[in-house]
Amino acid sequence: MFAITNPSLSAINSAAKSLIHGALVGIPTETVYGLAADAENEAAVARIYSVKGRPQDHPVIVHIGSMYQLNKWAINIPDYALKLAREYWPGPMTLILERSELAKDFITGGQETVGLRVPAHVITLALLEEFHKLGGNGIAAPSANRFGAVSPTNAEAVLSEVGEFLDASQDLIIDGGQSLVGVESTIIDCTEEFPIILRPGAISIEMIFGTTGLISKPNKDSKIRVSGSLEQHYSPKAKISLGGPVARGSGFIALIEIDTPVGSVRLASPQTLEEFARILYSALREADVRGIQEIVVMPPDGDGIAIAIRDRLARAAR
Ligand code: TXA
Ligand code: MG
């Protein structure tokens with residue numbers, strides 16, 4: 001395996017060439033790290049699924065370099081989706097749109113929609129630019145974890161999740177430092193009259209309403225499948241309990257103002273909700289590395305990203 005740190009433009013260009021030739025590349029984004037392949041290369045995308053151990057009918061997000069490439073992948077884009085793209089891209093938001101012919105069944109899981117995102121990370125934006133120059137149209141990338149496990153938020157975590165399943169002769173991982181947001185993008189269904197949040201993230205319901213003047217409650221009967229919305233997901237090896245009680249030797253994660261219960265192992269003390277999101281997944285990983293069997297997390301109150309944190313914690317705890 002080949003991990004690149006502080007990549008030069010020529011290293012980024014050669015990573016783009018690797019993608020064009022069908023390799024997998026672990027990529028940094030502001031949310032979590034992705035496991036990327038050329039979104040038009042069916043064999044390469046199939047390798048993502050086998051490396052992740054992910055069921056075939058789950059769609060993957062296509063990452064593009066700017067909103068001006070939306071038209072390649074999507075049709076009938078509503079005005080409110082363009083407003084969202086203009087306001088929040090590059091950024092932690094994925095738009096679900098009606099697919100164009102470019103978005104094949106192996107990307108969409110056979111659905112008539114495609115998920116698209118412009119990530120906010122300098123290295124990955126440069127990679128996308130080089131990839132587009134070489135004739136590529138988009139990079140498919142789910143989070144770079146094994147199916148159901150915790151998403152990686154740094155290159156080391158990518159290596160420990162999927163390193164052993166990658167092909168050292170062609171695949172690589174780009175080290176872009178710690179992901180700054182730390183939880184996956186907000187997924188917004190833009191195929192209806194109103195935007196519908198399918199997965200909460202850093203782009204909040206207030207932000208979406210503020211930009212578009214529109215919002216709809218999530219529809220539980222929606223036929224759209226979102227794998228992150230499976231009841232159990234984002235789980236470390238340790239058992240997660242929310243709110244206590246706290247047994248001796250348990251790991252403990254809570255905002256800084258909450259005292260550490262006697263006998264527990266403090267794994268993180270974030271000062272803000274943003275920091276809570278940023279460090280959560282690495283704190284869960286650290287517990288596994290230390291062989292801790294149970295982690296008690298005190299879910300933070302509030303709106304905005306606190307909703308995304310509680311969503312991931314509830315699934316991790318199932
Ligand atoms: O922040 C993120 O979104 C990260 C980074 C790498 O961009 N990616 C990510 O990918 O979280 P993944 O595959 O782990 O989660 C993407 C979610 C999945 O639950 C998938 O089902 C959903 O997006 N999705 C993708 N395309 C979709 C579509 N056409 N319709 C409905 N859901 C879709
Ligand atoms: Mg994922």
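Me: Which residue of strand 15 is the bridge partner of isoleucine 240?
Reply: The model is a predicted one, in which local features need pLDDT of at least 70, side-chain atom pairs count only at pLDDT 80 or more, and totals for chains, interfaces and linings use all residues. Residues are numbered from 1 along each chain as its sequence is written, chains are lettered from A and ligands numbered from 1 in the order in which they are written, and side-chain values use heavy atoms, leaving out hydrogens and water. Four bridges join strand 12 to strand 15 (residues 294–297), and these two strands run parallel. The partner of isoleucine 240 in strand 15 is isoleucine 295.

Me: What is the order of the strands in the open sheet of four strands?
Reply: Strands (E, at least two residues) and helices (H or I, at least four) are DSSP runs, numbered from the N terminus. Two strands pair if DSSP finds at least two bridges between them. The pairing in this open sheet is parallel, and the order is 12-15-13-14.

Me: Which strands stand at the edges of this sheet?
Reply: A strand with a single partner has one side left without a neighbour in the sheet, so such strands stand at the edges. This applies to strand 12 (239–242) and strand 14 (265–268).

Me: At what angle does helix 9 run to strand 14?
Reply: Axes are lines fitted to C-alpha atoms, for helices over the stretch in contact (heavy atoms within 4.5 Å), and angles run from 0 to 180 degrees between N-to-C directions. Helix 9 (residues 273–289) lies across strand 12, strand 13 (251–253), strand 14 and strand 15. Helix 10 (residues 305–317) also packs on the sheet, touching strand 12 and strand 15. For helix 9 and strand 14, the angle is about 135 degrees.

Me: Is threonine 124 buried or exposed?
Reply: Threonine 124 belongs to helix 6 (residues 122–133), and its side chain reaches the backbone oxygen of proline 28 at 2.6 Å. Buried means under 20% relative accessible area, exposed over 50%, and partly exposed in between (1.4 Å probe, protein chains only). The relative accessible area of threonine 124 is 1%, so this residue is buried.

Me: Which elements do the buried residues of helix 2 pack against?
Reply: Helix 2 spans residues 42–52, and its buried residues are Ala44, Val45, Ile48, Tyr49, Val51 and Lys52. They pack against strand 3 (34–38), helix 5 (105–108), strand 8 (139–140) and helix 7 (155–162).

Me: How does methionine 207 count in terms of accessibility?
Reply: Methionine 207 lies in helix 8 (residues 205–212). Apart from neighbours within four places in sequence, methionine 207 is in contact with Tyr88 and Ala202. Its relative accessibility is 30%, so methionine 207 counts as partly exposed.

Me: What is the radius of gyration of the protein chain?
Reply: The radius of gyration is taken over C-alpha atoms, and the globule rule is 2.2 Å times the number of residues to the power 0.38. With 318 residues, a compact globule would therefore have a radius near 20 Å. The value for the protein chain agrees with this, being 19 Å.

Me: What percentage of the residues of the protein chain count as buried?
Reply: The protein chain holds ten helices and 15 strands, and its C-alpha atoms fill a box of roughly 60 × 50 × 30 Å along the principal axes. Of its 318 residues, the share that counts as buried is 56%.

Note on methods:
A polar contact is a pair of N or O atoms within 3.5 Å; within protein, one must be able to donate a hydrogen and the other to accept it, and residues adjacent in sequence count only if both atoms are side-chain atoms.
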